[in-house]
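Please have a look at the sequence and the model first.

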There are 2 protein chains.
Amino acid sequence: MAVERWTPERRRQHTRDLLLDAAQDVFARRGFEGASLEDIAEVAGFTRGAIYKHFANKAELFLAVNERFNERALIAFADMLEHDLAGDENAALARKWREVLAPERDLLALGMEFNLYVLRHPEMRAQVAEHRRRLPGMIAAFMEQRAATTGITLRLPAITIARVILAASDGLAFSAEFDDDDLYEPFLELLNAALPAD
Amino acid sequence: MAVERWTPERRRQHTRDLLLDAAQDVFARRGFEGASLEDIAEVAGFTRGAIYKHFANKAELFLAVNERFNERALIAFADMLEHDLAGDENAALARKWREVLAPERDLLALGMEFNLYVLRHPEMRAQVAEHRRRLPGMIAAFMEQRAATTGITLRLPAITIARVILAASDGLAFSAEFDDDDLYEPFLELLNAALPAD
DNA sequence: ACTCTCAGATACATGAGCGTATCTTCGATA
DNA sequence: TATCGAAGATACGCTCATGTATCTGAGAGT
């Protein structure tokens, strides 16, 4: 198909995206307080003026980065659940999981930074709650369908298990980066053993 | 026994402790970059001058806080493992675990902040590595002994399971604070089901 | 071709925080 | 009682970052 016309709105969106890219990069490396708008603008190839045309202040920029980040993670995860892991074994599954949820150290740091931010800013809980609801829902649906085709009964409600998996996920990712010690696979092995009710 | 004499060294240690208390408080609430030495000193009832008599700079203060914090957590955890949970059921165990490892929101935030810090400062990995080795070791020993008395064989090496548990722990704590959703208990239930080899 | 709007750059005011250098005061020792 | 040392307070310099206010230039519409 033909590429989008280069209209002014499109141009604006484009620089906005560039700014978000740069912001994601710098926030990930330096953290929210540690990152300076000056740095971000420079990485994007603009000046601070550009940032303030697009975002009210530093916090809004940070929020926007994370909104996009979460949205993308959600899509990637859904994609993985649908296509990739038809009949995979633990090892392959672990690898894919890791790739999707914690692709690299900087992104992991960004996620942790964001978690900290919302922990310290309870007024944003509502905004984040939706994302935190959708992800376990997807996993639960996937597990239920799996359980049905393989004919097992789950020991606990799928949604509960999904929440546990997601909660554990961050810690596993951190451990992988820090101790470089792959705990995804043992975790999945334990999980597999634990799921079927007696 | 008689209380310690009020010698100069003791006095110095005392204010050092007060400074660490205040620093822990402020770092937990504002984060490393967000906290100001001015605030910390004021909370402790001193001025910045006192801080610089005891610590070289902000980073060293932060490190000292976390050293003490980790040390205490280790002791509390060891204590719990030895005494409290002789024959407890999941519910009680979950509660105690939670109390020890994530007693309140601010402390959780502090731990996350520290994790982020070391993630971004690889040169400190050596310092932290020791703490990250001792904790799983303790848990592994506990589990092996448990397994022996109850006569089950573990599905995976105890140390691996211990690492998984600890990795998961942070995420569970966060979920508890944020979603206020207690996942410790379901996690333990799954774990119990998963541990015995077939 | 002309103007007008708006994206982005430049300039500015302000403040906060770190680290250092210099006091001051209080208790220990002689 | 006089001196000395060190804990902690005060004072200073300096950098850096945020937010706002103003300027400039390019492209869209007439």
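How many aromatic pairs are there over all chains? In this predicted model, the count over all chains comes to 18 aromatic pairs. Let me take one of them in chain A, the pair of Phe32(A) and Tyr117(A), whose ring centres are 5.1 Å apart and whose planes make an angle of 65°, an arrangement that is classed as edge-to-face. This pair links distant parts of the chain, since Phe32(A) belongs to the loop between helix H1 (8–30) and helix H2 (37–44) of chain A, while Tyr117(A) belongs to helix H6 (residues 105–120), 85 residues apart.

Are these two residues buried or exposed? Phe32(A) has a relative accessibility of 11% and therefore counts as buried, and Tyr117(A), with a relative accessible area of 11%, is buried as well.

Turning to chain B, the rings of Phe32(B) and Tyr117(B) have their centres 5.1 Å apart with their planes at 65°, so this pair is edge-to-face. Because Phe32(B) lies in the loop between helix H1 (8–30) and helix H2 (37–44) of chain B, and Tyr117(B) in helix H6 (residues 105–120), the pair ties together parts that are 85 residues apart in sequence. Both Phe32(B) and Tyr117(B) are buried.

Back in chain A, ring pairs join Phe32(A) and Tyr117(A) with Phe27(A), Phe62(A) and Phe114(A) in a cluster.

Finally, the charges over rings: Arg125(A) lies over the face of Phe178(B), at 5.2 Å from the ring centre, and the charged end of Arg125(B) sits over the ring of Phe178(A), 5.1 Å from its centre.

Terms used: Residues numbered from 1 in each chain as written. Chains lettered and ligands numbered in written order. Predicted model: local features only at pLDDT ≥ 70, side-chain atom pairs only at ≥ 80, totals over all residues. Heavy atoms only, no water. Phe/Tyr/Trp six-rings, centres within 6.5 Å; stacked < 30°, edge-to-face > 60°. Helix = DSSP H or I, 4+ residues; strand = E, 2+ residues; numbered from the N terminus. Buried < 20%, exposed > 50% of the residue type's maximum accessible area, 1.4 Å probe, protein only. Lys NZ or Arg CZ within 6 Å of the ring centre and 35° of its normal.
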